[in-house]
Amino acid sequence: MLLPIPEGSWWDWTVLGHDGGRLTLAAGHDLTYHHGLEVVLTDPLYGRCPMSFSDPEFRLPTPEERAEVARAVGQEPPVLVAFEADGGGTEPVSCLIAAEAWAVRRGHFPHR
């Protein structure tokens with residue numbers, strides 16, 4: 001599935017929170033004081049991504065990635081998000097997150 005990310009300056013991303021029932025990714029052009037976008041993945045089943053990354057390019061998961069997740073969790077999940085991003089190294093990192101559901105929220109979210 002391809003996440004419907006709204007138009008905007010979503011350069012920097014971070015894992016804002018993970019409490020077992022929800023994985024929240026925050027995005028913005030500068031995450032120092034606030035962010036403008038949240039992707040909330042409910043009941044995450046599988047995750048492979050750095051805690052912070054930049055400039056993700058969301059794409060459809062490959063058949064190999066679908067099989068990898070199905071082997072790990074015992075079935076193909078309802079939500080499977082795949083993307084390439086700058087994880088701070090010399091090469092882009094390939095990321096994969098599986099969950100039961102997702103939501104995209106846009107707004108002004110200050111950091112405390």
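Let me begin with a term: a contact here means heavy atoms within 4.5 Å. What we are looking at is a predicted model, in which local features need pLDDT of at least 70 and side-chain atom pairs count only at pLDDT 80 or more, while totals for chains, interfaces and linings use all residues. Residues are numbered from 1 along each chain as its sequence is written, and side-chain values use heavy atoms, with hydrogens and water left out.

With that in mind, proline 6 touches Leu37, Val104 and Arg106, if we leave aside residues up to four places away in sequence. Proline 6 lies in the segment before β1 (12-18), where strands are DSSP runs of E of at least two residues, numbered from the N terminus.

Now to strand β3, residues 34-42, which is largely enclosed by the rest of the structure because 7 of its 9 residues are buried, buried meaning under 20% relative accessible area, exposed over 50% and partly exposed in between, with a 1.4 Å probe and protein chains only. Strand β2 (residues 22-28) pairs with β3 in the antiparallel sense over 6 bridges, pairing being called when DSSP finds at least two bridges between two strands, and arginine 22 stands opposite threonine 42 in β3. Strand β8 (residues 101-110) also runs antiparallel to β3, joined to β3 by 8 bridges, and here histidine 34 stands opposite proline 110.

Cysteine 95 is buried, at 0%, whereas cysteine 49 is partly exposed, at 27%.

Terms used
Helix = DSSP H or I, 4+ residues; strand = E, 2+ residues; numbered from the N terminus.
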